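Q: Could you walk me through this model? I would like to start with the salt bridges and then go over the helices and the surface.

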Amino acid sequence: MNNNQEDIFDQYAYDWWNKTGYYKLLHKLNPIRLKYIQSKYNIKGKKILDIGCGGGILTEELYKKGAFVTGIDSSHKSINIAKKHAKEQGFKIDYLNESVFNTTFKKEFDCIICFEMIEHINSPSDLLKKIFEVSKDNSSLFLSTINRNLKSFIFAKLFAEYILNYVPKGTHQYSKFITPYELTQKIEENEYKLTGLDGLKFNPIDESFSLSDDLDINYFLYAERQ
């Protein structure tokens with residue numbers, strides 16, 4: 001992640017739990033993310049690492065469903081917000097303010113979740129190698145990101161940032177978008193087997209999300225450690 005993108009997440013960290021603020025679409029997406037995870041994997045009692053957890057929107061939902069969750073994010077302000085909110089709710093969630101690349105975890109987690117983050121990483125291959133290091137044998141992996149094509153450039157970059165102002169300008173770099181084929185190759189290089197690819201559909205009229213067979217823009221990937 002470059003400094004400009006980190007600055008953006010720090011700049012708007014105060015707004016993480018404002019359901020009508022800069023992260024309102026994440027709040028609307030969150031039930032779909034949780035539903036997708038639970039449709040593939042029983043999280044209760046499992047040790048889960050939420051990479052790029054931000055203010056803890058998904059992290060808290062995982063905790064409430066019975067998982068033992070660690071949330072990690074390089075944004076100091078976001079982690080502080082996450083810690084404060086969890087404390088207010090009485091939730092026992094481990095939050096770490098550091099890059100996942102600097103952690104010393106070794107085969108500790110039953111499940112890794114990395115949503116809306118890999119498109120901000122300079123080296124997705126290195127991230128997946130690190131995920132392999134911190135996950136147990138027979139573990140599960142959930143990823144979500146943005147496909148790379150003309151359609152995704154128009155809607156996920158131009159419309160989202162410059163026309164509809166759904167996310168701050170500069171949040172995404174088109175060159176870092178990754179196709180399902182490329183991402184599948186990278187997980188297989190790290191001994192994960194693809195078991196699910198699902199698209200995400202956005203309705204701008206009511207700003208709602210739903211799962212779809214269309215992978216052209218946003219998509220989820222589920223994989224299991226071989």
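The chat below goes through the conventions, the salt bridges, helix packing, backbone angles and a surface patch.

Q: What are the ground rules here?
A: This is a predicted model, where local features need pLDDT of at least 70 and side-chain atom pairs count only at pLDDT 80 or more, while totals for chains, interfaces and linings use all residues. Residues are numbered from 1 along each chain as its sequence is written, and side-chain values use heavy atoms, with hydrogens and water left out.

Q: How many salt bridges does the structure hold?
A: The structure holds 14. A salt bridge here is a side-chain nitrogen of Lys or Arg within 4 Å of a carboxyl oxygen of Asp or Glu. In general, side chains of opposite charge can pair when their charged atoms come close.

Q: Which residue does D137 pair with?
A: D137 forms a salt bridge with K107, and the closest N and O atoms are 3.5 Å apart. D137 is in strand β5 (residues 135-146) and K107 in the loop between β3 (94-97) and β4 (109-115), so the pair ties together parts 30 residues apart in sequence. Helices (H or I, at least four residues) and strands (E, at least two) are DSSP runs, numbered from the N terminus.

Q: Where does the D214 and K151 pair sit?
A: D214 is in the loop between β7 (208-212) and β8 (218-225) and K151 is in helix α6, so the pair ties together parts that are 63 residues apart in sequence. Their side chains meet at 3.2 Å, N to O. D214 is partly exposed, with a relative accessible area of 33%, and K151 counts as partly exposed at 32%.

Q: Which residues do salt bridges with shared partners join into one network?
A: K24, K28 and E207 are joined that way.

Q: Switching to helices. At what angle do α2 and α3 pack?
A: Helix α2 (residues 24-40) and helix α3 (residues 57-64) pack at about 40°, with their axes 10 Å apart. Axes are lines fitted to C-alpha atoms, for helices over the stretch in contact, and angles run from 0 to 180 degrees between N-to-C directions.

Q: What does that make their orientation?
A: α2 and α3 are therefore oblique to each other. Angles under 35 degrees count as roughly parallel, over 145 as roughly antiparallel, 65 to 115 as roughly perpendicular and the rest as oblique.

Q: Is the crossing of α2 and α3 left-handed or right-handed?
A: The crossing of α2 and α3 is right-handed. A crossing is left-handed if the near helix is turned anticlockwise from the far one by less than a right angle, and right-handed if clockwise.

Q: How do α5 and α7 pack?
A: Helix α5 (residues 124-134) packs with helix α7 (residues 180-189) at an angle of about 40°, and their axes are 9 Å apart. α5 and α7 are therefore oblique to each other, and α5 passes α7 in a right-handed crossing.

Q: Backbone next. What is the phi of K107, and of E191?
A: K107 has a positive phi of about 45° although it is not a glycine. E191, also not a glycine, has a positive phi of about 65°. Most residues other than glycine have a negative phi. E191 is in the loop between α7 and β6 (192-203) and is partly exposed, at 41% relative accessibility.

Q: Where does T104 lie?
A: T104 lies in the loop between β3 and β4 and is exposed, with a relative accessible area of 69%.

Q: Last one: which residues form the nonpolar patch on the surface?
A: F155, L158, F159, Y162 and I163 form it, with about 460 Å² of accessible area together. Patches are made of residues with over 30% relative accessible area and no salt bridge, with like charges joined within 9 Å and nonpolar side chains (Val, Leu, Ile, Met, Phe, Trp, Tyr) within 5 Å. Accessible areas come from the Shrake-Rupley method with a 1.4 Å probe, and for residues only the protein chains shown count as cover. L158 lies in helix α6 (residues 150-163) and is partly exposed, at 33%.

Methods
Buried means under 20% relative accessible area, exposed over 50%, partly exposed in between (1.4 Å probe, protein chains only).
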